[in-house]
Amino acid sequence: MDFLRPANWEEALAAKAEHPAAVPIAGGTDVMVEINFDHRRPGHLMDLNRIAELGEWEVGEDSVRLGASVPYARIMERLRAELPGLALASHTVASPQIRNRGGVGGNLGTASPAGDAHPALLAAGAEVEAESVRGTRRIPIDAFYTGVKRNALAPDELIRAVHIKKAAGPQQFSKVGTRNAMVIAVCAFGLALHPDTRTVRTGIGSAAPTPVRALAAEEFLTAALEEGGFWDNGKIITPSLAKRFADLCAGACNPIDDVRGTAEYRRHAVGVMARRTLTWTWESYRDARRPTEGAA
Amino acid sequence: MRLNLTVNGRPREADDVWEGESLLYVLRERLGLPGSKNACEQGECGSCTVRLDGVPVCSCLVAAGQAEGREVVTVEGLADLARRRSGGGSPGEAELAPVQQAFIDAGAVQCGFCTPGLLVAADEMLERDPDPSDADIREALSGNLCRCTGYEKIMDAVRLAAARGSEGV
């Protein structure tokens, strides 16, 4: 095994072009498990820790450009206002030790359906900045997950950053597991309200071969909120509306039975999480409107 | 490959390091520092917790080469670290860091396998937050598993260390 140690991004791209099978390692929280257990013996391991820019982020007008290696601990602490859904999801990742090392780039590279960042990225809206010596491209998050632990990256590409839309409204993340720490999701759900476009977006984790959005549920809720004038009148979401949304979210799942849970349980739990996160986010939206009403 | 790093304040060198081995393996098998424990090798248990450039990490998940040129503190260096932090004493004077003494006094050690990781994690938390709530302690130690005692004595120990710290003992 060769250990590649690029000192900067250009060197990393060149190394990846020369050795397309090289495995990039940043936090190591996925890669080292596979090596420790002899599940993987890559010919080349490529350390990305020397590339400082991967650990940085920029807050733009509409989006945050998040370096691939920004650790979850930093997202929780520093980006809670801009990326509330991802900050909540980051807080559910494993333990402090893991959150100090792992980041979103690794979650995307591994592309496990159970990765905690995925539902939050899907709900917020994001693009993956992938680069090779051939050039840079932005892959919409919806098109990034192509199969179980498969993604849209070409063999010579590396993930440089993720561009995530800044929150224009409340976001929530919910995850089912056997305890609060050190738990891989039985299933997970992310929801983002986008009052600026009067839309809602969702993300489902661990309940299909890839992370997915509940598109029919999004369309239903977006239309129902518009027709009922909810964005303007701030009315309470009716139980029947919430139930229909929850049912459509459960229907978007394509889960399996495994050691962590049954397909039936996952479908049910996703419905429950969808209803709860809708209630939480909508209450936040209404709360945020109240001071203006009082002042008027 | 050859590896150069600083461990517990001293420059160290390891030779014939295999590219795929972990920092934990280097510490235990090449540098003679068996305090960090090897249990799950997948970041679940926290027994191998060390500080890498000050940050608590699972050393089983750090590739050896990633530690090149960096600073590592293991449980063996906690007493020195505590002394430097308080700005007193010469190296080798104090036998134990306050958090280590608190674990002994509170009876928080049974088989001892999880203890080094807990000590490193607890010490780092108290450095950041000298007056933690119970929730803060549980959060900071949530990545460290103990399979003997349950966690009450461990909670007592960390509370004791915090209380002694605030009294300046």
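Predicted model: local features only at pLDDT ≥ 70, side-chain atom pairs only at ≥ 80, totals over all residues.
Visitor: What makes strand 1 and strand 3 of chain A a pair?
Guide: A pair needs at least two bridges. Strand 1 of chain A is joined to strand 3 of chain A by three bridges, and the two run parallel; therefore they count as paired. In this pairing the bridge partner of A:Phe3 is A:Leu45 in strand 3 of chain A.

Visitor: How many bridges join strand 2 of chain A to strand 3 of chain A?
Guide: Strand 2 (residues 23–25) of chain A is joined to strand 3 of chain A by three bridges, again with the strands running parallel. A:Pro24 stands opposite A:Met46 in strand 3 of chain A.

Visitor: Why are strand 11 and strand 13 of chain A said to stand at the edges?
Guide: Three strands form an open sheet of chain A in the order 11-12-13, with antiparallel pairing. Strand 11 (171–176) and strand 13 (199–205) of chain A each have a single partner strand, so one side of each has no neighbour in the sheet. The twist from one strand to the next averages 10°.

Visitor: How do you know that strand 11 and strand 12 of chain A pair?
Guide: The count of bridges decides it, and at least two are required. Strand 11 of chain A and strand 12 (residues 187–194) of chain A have six, in the antiparallel sense; therefore they pair. A:Ser174 has A:Phe189 of strand 12 of chain A as its bridge partner. Helix 4 (residues 84–91) of chain A lies across strand 11 and strand 12, running at about 25° to strand 11 of chain A.

Visitor: What does the UniProt record say about residues 1–169 of chain A?
Guide: The unreviewed UniProt entry annotates residues 1–169 of chain A as "domain: FAD-binding PCMH-type". Over these residues chain A is 32% helix and 26% strand, with the end C-alpha atoms 48 Å apart.

Visitor: Why does the radius of gyration of chain B agree with a compact globule?
Guide: A compact globule of 169 residues would have a radius of gyration near 15 Å, and chain B has 16 Å, which agrees. Chain B comes to six helices and five strands, in the order β-β-α-β-β-β-α-α-α-α-α from the N terminus on.

Visitor: What makes strand 2 and strand 4 of chain B edge strands?
Guide: The five strands of chain B form an open sheet in the order 2-1-5-3-4, with mixed pairing. Strand 2 (10–14) and strand 4 (55–58) of chain B each have a single partner strand, so each has one side without a neighbour in the sheet. Direction ignored, neighbouring strands of this sheet are turned by 40° against each other on average.

Visitor: How many bridges pair strand 3 and strand 5 of chain B?
Guide: Strand 3 (residues 49–52) and strand 5 (residues 71–73) of chain B pair over two bridges in the antiparallel sense. The bridge partner of B:Leu52 is B:Val72 in strand 5 of chain B. Helix 4 of chain B packs on the sheet, touching strand 3 and strand 4 of chain B, and makes about 45° with the direction of strand 3 of chain B.

Visitor: Which residues make the contact of helix 4 with helix 6 in chain B?
Guide: Helix 4 (residues 115–128) and helix 6 (residues 152–167) of chain B pack at about 35°, with their axes 11 Å apart. Helix 4 of chain B uses B:Leu118, B:Ala122 and B:Leu126, and helix 6 of chain B uses B:Ile154, B:Val158, B:Ala161, B:Ala162 and B:Gly165.

Visitor: Why does this contact of helix 4 with helix 6 of chain B have one polar residue?
Guide: The contact has seven nonpolar, one polar and no charged residues. Gly counts as polar here, and B:Gly165 is part of the contact.

Technical notes
Residues numbered from 1 in each chain as written. Chains lettered and ligands numbered in written order. Axes fitted to C-alpha atoms, helices over the stretch in contact; angles between N-to-C directions. Helix = DSSP H or I, 4+ residues; strand = E, 2+ residues; numbered from the N terminus. Contact = placed C-beta atoms within 7 Å. UniProt positions renumbered as here; feature names shortened; annotations may be inferred. Rg over C-alpha atoms; globule rule 2.2 N^0.38 Å.
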